[in-house]
Amino acid sequence: MPDVIHLDTDRTSYIFATLATGQLEHLYYGPRLRHMDDYEPLRQKNDVPYGTMVNCSQSHKNIGLDDQCLEYSGLGKGDFREPAVELVFADGSRTTDFRYVSHRSFQGRPEIDGLPSALDAGASTTEVTLRDDEKHMTLLLYYCVYARHDVITRFAALRNDSETAVRVQRLMSAQLDLFGGSWRLITFDGCWAYERERHDKPLEPGIYVNDSKTGNSSNRHNPFVMLAADGCDELSGECYASNLVYSGNHVEMVEVTYQGKIRLVTGINPSGFEWLLEPGQSLPTPEAVMSFAADGFNGLSHTLHRFTAECIVRGHWQTRVRPILINNWEATEFDFDTKKLMALAREAASLGIELFVLDDGWFGHRDDDTSSLGDWKVNEKKLPGGIAELSARIRALGLDFGIWVEPEMISEDSELYRAHPDWAVSVPDRRPAYGRNQFVLDMSRPEVRAWLIEAMSSVFSSGTVSYVKWDMNRNMSDAYSRALPPDRQGEFHHRYILGLYEVLGELVRRFPRVLFESCAYGGNRFDLGMLCYMPQAWTSDDTDAFARLSIQGGTSYGYPQSVMGAHVSASPNMQTLRAATIETRFNVAAFGLLGYELDLTMLSSFDKKAIAAQIAFYKEHRQLLQFGQFWRVPNRLDDDKTLWAVVSSDGREAVVGLFQGAARVGRGQDIITVPGLDPMASFSVTGRTQYLNVRAFGNLVNRVLPIRIRGDGIVHTVLSSHYLFKMAEEAYVANGDLLSAYGIKLLQQFSGTGYNEQVRIFSDYGSRLYTMRAIDDGVRLSSAVSSASRSSSR
Ligand code: DGJ
């Protein structure tokens, strides 16, 4: 019997041991504990059997695996819950029985063959060897401990030491059994243009499945899930996180038994999966990232944000601030030429934008989405002189140049398809299924990968390309590879992802300075696997500011703002037709990697001035906005409003966003609270200078202007384009302890009873940013709130 294995991070402990029957018993995962001489208090007591028990050993009649917390379960031997491993042996049997053999711990962490994994970052590893003696199978369980990050990552590898092939039908990355209690499963679900909305499921006896079968990690159910104890909220309570460093079909299954034991398993989705493991071969799983926090969802998010930024994202861009970009997609879609692009680029440069991104439609004869994917040669009719000339002209304006590609796809109408129809994923003798008029390239084939690496290398070297948007716009159905034998078709999806990772690994190696942004119909493959190659991802095709509060807010539970692309687009919005002011569109996008995606050549002079000021503001606070600690702050007074904050690591600087949905009279008193500030410092709090377009006031404009004009007349239109009506100026001084523990009572919001310079106009989807900067530490203000903007005459 081994010693108990007790792993520690700075704030958590993870403990397991061996059962008398040889399996690994999970003892504890929670707040850090001191090491003990005797772990008996943590062991489940098995002094009498339970009804309907099946015991795996007659020498231990009181141990039934079905009611134990285990580290990694198989099928059979009396555990009837969802297993972590499921095999079919040559004789057709499916029972497995993995028992402890040995373990070793070492500094560092192993890489996982063919799969991306977290960086070393000072991790230490415990490797546990289990063996099924009767079937000659070896199972290695890995626990990589990131002490400073409060994260433990897990993965497994199965080795076939027998003389016959074994069919692997399930091999999970990790299993977490909890002893009991009242928990919620929290998942992040959605669809195209509404990704990662938070859903809470109170756990009752039964089986809950969060999965994807679309060939990618999917917008339906992200692989990131949480388990939250009763009462856990944003600022307090116990919760666990589980995520996968994987971009393909995944499953997170939670089974709750009637006795109240809870099991979470996560890994490659067994649905449609079967891997033929030949004698002597090993199969490793993707890595699972696990964490525990006792300080609520924000606490857990902070751990995951830091881990993602420091241990998942890597390379040249890991810690560098990201450029502000203009993307031509929502401005032009496929309808562009050099003239149009240059006009857009000139406006962008004059506003302070740093990177021009040429989106879909620059190659083959792609004027809509029916053709040319695979023909990665420039369309000279649209862009004479090609990418080299366009990128040179754009760079001459002082902008960097970036390009869109969708490498994993093939159009039926393409030279590539005509030359290699068998490279498209489809089932022989069946009519193919289409998605956005296109097929998926079979990335499990080495010759496809080799071709793709060269095709992309040639695009990325044509001209000076400093950014690449790697898109992927269809789900994989009718999975089949013409290069795999029938008994290996169950390997297709996983081999596709292994192939994708091989291609990405090589391209990132060849182009280490290029900033890659992952995209899949917006957020259809937003996961830690892609982030190991690409430092950022396009969060959603929905650029509507109000919808983005939910999309970016939901995403923020598991992923930092430093990986979330967020663009200001036109109003009304292309996806929702909702109108929002240019200021709100910026205020939401500012909590991500800022870009503009609208026709800048059509802007009013008002919008141009507002955008130039926004860009200057973003540049000034960019380090903080992109890399500061992000908080979802519960709004004390108004559940309908959203409050976000980013706080610097020393707690001496913050930017806070207050966002409103539909305006309501009677809810006009707001308090902004900012957790995490230095309690001993005093802060100067200032509302960002924001402008209102007087066009929105209609005839009411006459109430705020010294002259009388018609609400819908020409004078109003001309005036609204040029006149910058300032939002009420807000400036306060307050101590850090007050701001964190309670907050500042803001100026009243407009609610129809009167207007003066001390009233904050906040209509539907209104918003405001506030900056907070520590001033002299010695200043200790005794008053709760001191508003510098309130004149003594008030
Ligand atoms: C889907 C992406 O999410 C969009 O941003 C855009 O790049 C289109 N594809 C282009 O086809």
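Here is a quick tour of the ligand site and the aromatic rings in this structure. The model is predicted, so a word on ground rules: local features need pLDDT of at least 70, side-chain atom pairs count only at pLDDT 80 or more, and totals for chains, interfaces and linings use all residues. Residues are numbered from 1 along each chain as its sequence is written, and side-chain values use heavy atoms, with hydrogens and water left out.

**Around the ligand**

- The ligand has 13 residues around it, and Asp359, Asp360, Lys469, Asp471 and Asp541 come nearest (a residue is near if one of its heavy atoms lies within 4 Å of the molecule).
- Sorted by class, that shell has six charged, five nonpolar and two polar residues (Asp, Glu, Lys and Arg count as charged; Ala, Val, Leu, Ile, Met, Phe, Trp, Tyr, Cys and Pro as nonpolar; the others, Gly among them, as polar).
- Aspartate 360 has a side-chain N or O atom 2.7 Å from an oxygen atom of the ligand, and for arginine 436 a polar side-chain atom lies 2.9 Å from a ligand oxygen.
- Asparagine 473 brings a side-chain N or O atom to 3.2 Å from a nitrogen atom of the ligand.
- On its own the ligand has 300 Å² of accessible area, and the protein covers 98% of that (areas come from the Shrake-Rupley method with a 1.4 Å probe).

**Aromatic rings**

- There are 38 aromatic pairs in the structure (rings of Phe, Tyr and Trp, the last by its six-membered ring, pair if their centres lie within 6.5 Å; planes under 30 degrees apart count as stacked, over 60 as edge-to-face and the rest as tilted).
- Tyrosine 240 and phenylalanine 292 make a tilted pair, because their ring centres are 5.0 Å apart and their planes are at 55°.
- Tyrosine 240 lies in strand β14 and phenylalanine 292 in strand β19, so this pair ties together parts 52 residues apart in sequence (strands are DSSP runs of E, at least two residues, numbered from the N terminus).
- Both tyrosine 240 and phenylalanine 292 are buried (under 20% relative accessible area, with a 1.4 Å probe and protein chains only).
- Phenylalanine 591 and phenylalanine 659 are edge-to-face, because their planes are at 75°, with ring centres 6.1 Å apart.
- One aromatic cluster is formed by Tyr14, Phe16, Tyr29, Tyr143, Trp183, Tyr240 and Phe292.

**Charges over rings**

- Lysine 382 has its charged end over the ring of phenylalanine 336, 4.7 Å from the centre (NZ of Lys or CZ of Arg must be within 6 Å of the ring centre and within 35 degrees of the ring normal).
- Arginine 548 lies over the face of tryptophan 538, at 4.7 Å from the ring centre.

Conventions:
Polar contact = N/O pair within 3.5 Å; in protein donor to acceptor, adjacent residues only side chain to side chain. Helix = DSSP H or I, 4+ residues; strand = E, 2+ residues; numbered from the N terminus. Buried < 20%, exposed > 50% of the residue type's maximum accessible area, 1.4 Å probe, protein only.
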